Amino acid sequence: MNPHLASGPLTPTLEHLKRCSIAVDIGAARTRVYLRNSGLVVDEPSVAAVDVRSGALIAVGSRAETMAGRTPQHIRVVRPVSSGVVVDIAMAQRMLRHVLGDKLGRRWMRMSMVRGMPMPVMRAAVCMPHGSEPIALRAAVETMYGLGARKVELVDTLIAAAVGCGLPVEQPEATMIVVCGAGTTHVAVLSLGAIVSAQTVPVGGDAIDRAVVEHLRTQHELMLPSQSVRPLHQMLGGTSTTEVHGRDVISGMARTVTVETERVRSAMRTPLTAVLDAITSVLRQSPPDLVADLADRGIMLAGGSAHMPGLDLMLRQATHMPVHIAPHPDTVAVRGLGAMIEARVRPTPKDPLAP
Ligand SMILES: Nc1ncnc2c1ncn2[C@@H]1O[C@H](COP(=O)(O)OP(=O)(O)OP(=O)(O)O)[C@@H](O)[C@H]1O
């Protein structure tokens, strides 16, 4: 693998990453943490519930997520990350500290808090969305500093995800990856351990969910609770019609309507147009030889939204390319970063022709 993992500011070498003990992916929907020699130790919603009167943290992760929409006025459910960017550093630190508990090892916490002691240099690796602004990179670094890290290596999510999918990124042949998260979708063609061309669009699973909610509101005058959208996705696969329970827009009373699944699927396709445009544009920017490789190999689909039934089929029909869903698509980026910090990714020799 190319020892320099990306271009631009996200340029740690594999040598630097080998010194990290923790790999973190702070996403808009979920936060994942991988510890060297322990594996994935945290996979929780990036959500916190706060008492606005006292500022106390009431709950984090899945417990806080279930409180959304069900809280009294003095409790607010907040998301400190938006589109993969930490927008509330202090809250992100509190959330991470809570979900990590003592998993980081008491030593790290104690040593980083005691003044005057010689501190070991604690290093963390963090995935960053492709094309992140300097302010977003700074926010990720600050967040990890607050947890006691003294050195933070930032890695492009696309590289980490490609490694996590087991793609042969170090070979002189093209691989294409589409990482469809909650707020963003990243598309890239990679070859020889680097990104050849890439694009990010502000569309992900949340936009698709919103399109479904909007369809039910305008076509059936039904308000769908946010927690009912995921079960609805699962029902779209089989039958031609399905029953949906919600609240009548006008009367506010509970109501059940029968919806045509094909019309819901068609509503979901509208936000996906931006993803298809990004795929076309990335292919257009790639050299013809690499595009020819991709005709057979196809697209690797990753990110939590890869779980959405029918998404792979929609992309296959629109691109006429094979589309494969990565195993464990939602955690590929942090697992790829984990492979790098555990030195399971071998660097390409600097001088391959040397005797
Ligand atoms: N089983 C499922 N069916 C449908 N959608 C799903 C399923 N599981 C996860 N998703 C969707 O995946 C998205 C979350 O994906 P992921 O965990 O990759 O996001 P993230 O990395 O936190 O977000 P981002 O990359 O935008 O920062 C959400 O929109 C969620 O609705």
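Predicted model: local features only at pLDDT ≥ 70, side-chain atom pairs only at ≥ 80, totals over all residues.
Residues are numbered from 1 along each chain as its sequence is written.

Let me begin with the domains. The domain assignment, which is automatic or taken from a database, gives domain 1 as 14-161 and domain 2 as 168-326. Taken over C-alpha atoms, the centres of domain 1 and domain 2 are separated by 27 Å. Where they touch, 16 residues of domain 1 are in contact with 15 residues of domain 2, and contact here is defined by C-beta atoms, placed from the backbone, that lie within 7 Å. On the domain 1 side, helix 6 (residues 157-164) provides the largest share, 4 residues; helices are DSSP runs of H or I with at least four residues, numbered from the N terminus. That side of domain 1 divides into 6 nonpolar, 8 polar and 2 charged residues, where Ala, Val, Leu, Ile, Met, Phe, Trp, Tyr, Cys and Pro count as nonpolar, Asp, Glu, Lys and Arg as charged, and the others, Gly among them, as polar.

Now to the ligand. Which residues come nearest? Of the 22 residues around the ligand, these are G27, A29, G181, G205 and G304, and a residue is near if its C-beta atom, placed from the backbone, lies within 6 Å. The shell draws at least three residues from each of domain 1 and domain 2. Helix 7 (205-220) and helix 8 (229-235) each supply at least two of its residues, and helix 7 gives the most, with 3. By class, the shell has 4 nonpolar, 13 polar and 5 charged residues.

Finally, two helix contacts. Helix 6 packs with helix 12 (residues 332-341) at an angle of about 85°, their axes 6 Å apart, where axes are lines fitted to C-alpha atoms over the stretch in contact, and angles run from 0 to 180 degrees between N-to-C directions. That makes helix 6 roughly perpendicular to helix 12, a label for angles of 65 to 115 degrees. Their contact includes A160 and V163 of helix 6 and L337 and M340 of helix 12, and its residues divide into 9 nonpolar, 3 polar and 1 charged.

The other pair is helix 3 (residues 89-100) and helix 5 (residues 134-146), whose axes come within 9 Å and cross at roughly 45°. That makes helix 3 oblique to helix 5, oblique being what remains once angles under 35 degrees (roughly parallel), over 145 (roughly antiparallel) and the roughly perpendicular range of 65 to 115 are set aside.

Note on methods: Contact = placed C-beta atoms within 7 Å.
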